[in-house]
Amino acid sequence: MMIRSLLLLSIFFVVQQTFSQNFEISSPNKNILLNIKVDGTISWSASLSGNVLIKEAKIGMDFSSGVDFGVNSKVKDHTIEEFSSMIYPAIPHKDAEIKDEYVQLSITFKGQYQLRFRAYNDGVAYQFIDKNKRERNVISEKAKFAFPEGAKSFFPQEDSMYSHNERSYLNKFVTDIAADEFCSLPVVFTTDKAKVLITETALHDYPGMFVRGNGNTTVDAIFPKFVLEVEVDKAQPDRNQTITKEAEYIAKISGNREYPWRVFIMSDDDRTFVESNLTYQLSRPQAIKNTDWIKPGKVAWDWYNANNIYGVDFKSGLNTDTYKYYIDFASANKIEYVILDEGWTKSTTEILAFNPDIDVAELIRYGKEKGVDIILWTLWKPLQANLVEILETYKSWGAKGIKIDFIQRSDQYVVNSYEQIAKECARLELLVDFHGSFKPSGLRRVYPNVINYEGVKGSENNKWSKDVTPEHNVTIPFIRMAAGPMDYTPGAMSNRQKANFGISGKRPMSMGTRAHQVAMYVVYEAPLQMLCESPSRYYQEQETVDFITQIPTIWDETIVLHGAIGDYIAVARRKDDKWYIGAMTDWTSRDLELDLSFLKEGNYKMEVYRDGINANRYAEDYKIDTMEVNRESKIIAKMAPGGGWSAIIAVPSF
């Protein structure tokens, strides 16, 4: 009996070995190697230039009925193909032309599902495709990622999945991320040789993904449950909810669909994470034909500076005269928009009626006369309750867009709400700026009128915390911005070094130098870009305003000259025939050599906005220089602690 049992066990293992299948694809430049194994379960690993980045990733999906993905999986067929094409974004956030080149492995499984893997020069991605037509629930999606020993993470740790996703990045060993600790996306993991950024795109009708630790070298994907019941929050009933009942599943589906792409940007050069377009490339194609009406631009914004205008003959505050002052400032400086933030409605829930002190119809009329359009702020809860009527009313008034705030959820219902809002606004030719939101996840390509997202710890935090440090400011371009544009809201004119900074809700100041703030207009991608300071202060800083307003908000070409996460960055961007450079540093003063060989032949005029000689003591000290340069020039960007450096390069006119 013992011999017979051993023989049967041996035959069992041989049979199991026979059904194990391995697949391998590499990036077009052969630097990234992706290995996939199907032996009942599905796993994969990835290496860059021979160095393992992800040792093993086990993936699958569990359903309430029918076939589970990655359980007793059997391969029916597979194909490996190479693709190369060009993408021309309607609203180019960093590049007007994107080369979409990759190798794709498509595996068809018995049980009516597929799995696609793609290998790009800057990363890999995978996506499940469901060919079932039945209605069922997704109980869970499995994704466990194992990293090499000693791996660390820039971890945007969350306290709850009910979140604005505005986080600081904790530098932690993966083994120190406990099983009750989790983060929102994007998140970066570092090894001795390289880094990998994890995020998602093509997120439709499905909950957003988070990542949880295990107290070892692995992390797991987790998702918010399907929400069944909510109650209004007693403290802030207009904007906050308490989720009181959740299902035991994460999504309801009808089958025959594609699930989100799981995206892994990989590089041994931090600059790649800023230059990458992977989240855009993997998004669904554009859903609207006419985009001529979508006008990127800058915004004179009121909320950060608490309407603190002065030197006028009227009482400043939430009233018509104050907003006409904003419009006059925007018009004088060729700023395209003014946002009416919280306070313009009768109440935060009565959003079809005006604050009696603000004549919105008159402001929209006055703005048109001055060449300035109006964007209206609203809370998500009251908007979602009466979406079509509210949006149609705003359109009838002549508003050009909406800023939607306090969304805070990432479950399936709310992900669908994002798309519903984007679609309705596209129909009405309204721009959308999502606030209190999760990161961009592909919607901006489908509906280019989705022109910005928050989901970042931005300058408004200066009003109540000391979190927005120069180190934070040179971390977010490499991590959060890899997902897409971010509404950080730069432009503070009250600038301080670390020793002089203080929290002031009504008269906020920023950490770092004036030149640090100005450089954000080149470094940070935001087709709808704010000027957060009071117009009264800007009038006193006209030289700075004149420099900022020359900088575009969309780009034809992006080149990252220098970059190290959390330390420094220098970016060159082109719009038409002009180049713009922005450089920023953490609390360490730096001299970065900028090679201008990206320029074409010829001589150019370069206008530089840089830290003044005393910026290390007085952060508002700056200097503007003009010089002649060419493609042979190598310029030193000298930055004070928390400093910055910017340049505008143009062919001189004679």
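The model is predicted, so to speak by record: local features need pLDDT of at least 70, side-chain atom pairs count only at pLDDT 80 or more, and totals for chains, interfaces and linings use all residues.

- The largest pocket has a volume of about 370 Å³. A pocket here is an open set of points on a 1 Å grid over the protein atoms alone, where a 1.4 Å probe fits, with protein on both sides within 12 Å along at least five of seven lines. Points are joined across faces, edges and corners, and the volume is the space filled by probe spheres set on them.
- Its lining counts 14 residues, and Lys99, Asn121, Asp122, Asn277 and Gln281 lie nearest the centre. A lining residue has an atom within 4 Å of a point.
- Two elements, β6 (98-109) and α2 (271-275), each give two or more residues to this lining, and β6 gives the most, with three. Helices (H or I, at least four residues) and strands (E, at least two) are DSSP runs, numbered from the N terminus.
- By class, the lining has six charged, six polar and two nonpolar residues. Asp, Glu, Lys and Arg count as charged; Ala, Val, Leu, Ile, Met, Phe, Trp, Tyr, Cys and Pro as nonpolar; the others, Gly among them, as polar.

**The six-stranded sheet**

- Six strands form an open sheet with antiparallel pairing, in the order β32-β33-β34-β39-β36-β37. Strands pair if DSSP finds at least two bridges between them.
- At the edges are β32 (557-564) and β37 (622-629), each pairing on one side only.
- From one strand to the next, the twist averages 15 degrees.
- Strands β33 (residues 568-575) and β34 (residues 578-585) pair in the antiparallel sense over eight bridges. Arginine 573 stands opposite tyrosine 580 in β34.
- Helix α11 (residues 514-523) lies across β33, β34, β36 (604-611), β37 and β39 (644-650), and runs at about 130 degrees to β34. Contact means heavy atoms within 4.5 Å; axes are lines fitted to C-alpha atoms, for helices over the stretch in contact, with angles from 0 to 180 degrees between N-to-C directions.

**Two loop residues**

- Alanine 306 sits in the loop between β23 (297-300) and α4 (320-332). At 25% relative accessibility, alanine 306 counts as partly exposed, a class between buried (under 20%) and exposed (over 50%), using a 1.4 Å probe and protein chains only.
- Glutamate 632 is in the loop between β37 and β38 (634-639), and is exposed, with a relative accessible area of 57%.

Key: Residues numbered from 1 in each chain as written. Heavy atoms only, no water.
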